[in-house]
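Look at the chain below. Start with the overall view, then follow single residues.

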Amino acid sequence: WPWIVDEINFGELLGDIVEEDADIVLDFQVSQKQSVVYLVSSLFTLKVAENILNGLGDDISFETILGSEYIGFAPDLGAFVTCIGFDESGTESVIFLGTTNGLYTGKASTAGNEFFAAGAAPALVGGTGGYPVKDISVSPEGSMGALISNLEDDPELLVLIDTAANLSVDFRTFQGLPGNELHNMVWLDNEMLAVSGDHGLAVIDTTDITF
């Protein structure tokens, strides 16, 4: 992905929008099924197809890139997008968009310039409304999901999601989470989720969870 846009000073372009350079790119995920990357930034959330490298020629302007048939923009969800995840275990890929007001999900489009599939409007995952999403992780088979939410000054919480039933359940520090600040999540298989925090590491067996 040797994608370089010359003559654009992103520091000046985003200076009035972001406080730190690290805030420009918030999340970056690569699709295993398609030659596509998903990028969450402080300005927009988009899908970029690898074909853009061969389809635009050598003289590429910023306007040409954003208007290309190889770029798909996430729809307006009424909240700022913070992170992205997806499930590619089935015949159709599913996108999960974490926002400052909950987790949204919908079927991914196979078209280069579309984000969600036609007629597949993203829906709010049950029980996540009002939660600012810090991170998302989806199990290998796509049947389970998890998010970390940072609710202002409160200890961070973990939300486990049954993706098929569109149900969720919350976990807080007093229920065994490894600290007030959660750092990362890794699915060990489709049922076991490892969570790291400022006080250590915990593993959750989701088969013991009632949604």
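A residue is called buried under 20% relative accessible area, exposed over 50%, and partly exposed in between, using a 1.4 Å probe and protein chains only. Asn166 is partly exposed, because its relative accessible area is 33%. Asn166 sits in the loop between β11 and β12 (167–171). Helices (H or I, at least four residues) and strands (E, at least two) are DSSP runs, numbered from the N terminus. Asn166 also has a positive phi of about 60 degrees, although it is not a glycine. Most residues other than glycine have a negative phi.

A word on the source. This is a predicted model, in which local features need pLDDT of at least 70 and side-chain atom pairs count only at pLDDT 80 or more, while totals for chains, interfaces and linings use all residues. Residues are numbered from 1 along each chain as its sequence is written, and side-chain values use heavy atoms, with hydrogens and water left out.

Now take the whole chain. The protein chain has three helices and 15 strands. Of its 211 residues, 45% are buried. The accessible surface comes to about 11100 Å². Carbon and sulfur atoms hold 48% of that surface. Such areas come from the Shrake-Rupley method with a 1.4 Å probe, and for residues only the protein chains shown count as cover. Contacts (heavy atoms within 4.5 Å) are the next thing to check. Among contacts in the protein chain with a separation of 6 or more, 43% are between residues 24 or more positions apart.

Next come the strands. Strands of a sheet pair through backbone hydrogen bonds, either parallel or antiparallel. Here two strands pair if DSSP finds at least two bridges between them. Six bridges join β5 to β6.

Strand β14 (residues 192–197) and strand β15 (residues 200–205) pair in the antiparallel sense over six bridges. Together they form a hairpin, with two residues between them. Leu193 has Ile204 in β15 as its bridge partner.

Go back to β5 and find Asp87. This residue lies in strand β5 (residues 81–87). Which side chain of opposite charge is nearest to Asp87? It is Lys33, 7.5 Å away. Lys and Arg count as positive and Asp and Glu as negative, while His and the chain ends are not counted. Asp87 is buried yet has no salt bridge. A salt bridge is a side-chain nitrogen of Lys or Arg within 4 Å of a carboxyl oxygen of Asp or Glu. Asp87 does have a polar contact of 2.7 Å with the side chain of Ser89. A polar contact is a pair of N or O atoms within 3.5 Å; within protein, one must be able to donate a hydrogen and the other to accept it, and residues adjacent in sequence count only if both atoms are side-chain atoms. Leaving aside neighbours within four places in sequence, Asp87 is in contact with residues including Glu92, Phe96 and Val138.

How many salt bridges does a search of the whole structure find? It finds three. In one, the side chains of Lys107 and Glu92 meet at 3.2 Å, N to O. Lys107 is in strand β7 (residues 102–107) and Glu92 is in the loop between β5 and β6 (94–99), 15 residues apart. Lys107 is partly exposed at 41%, and Glu92 is partly exposed at 45%.

Another salt bridge joins Glu156 and Lys134, at 3.2 Å, N to O. Glu156 lies in the loop between β10 (144–149) and β11 (157–162) and Lys134 in strand β9, so the pair ties together parts that are 22 residues apart in sequence. Glu156 counts as buried because its relative accessibility is 9%. Lys134, at 29%, counts as partly exposed. Arg172 forms a salt bridge with Asp170, and their closest N and O atoms are 3.9 Å apart.

Finish at Gly129, in the loop between β8 (123–124) and β9 (133–138). At 44% relative accessibility, Gly129 counts as partly exposed. Gly129 and Gly102 are 27 residues apart in sequence and 4.4 Å apart in space, C-alpha to C-alpha.
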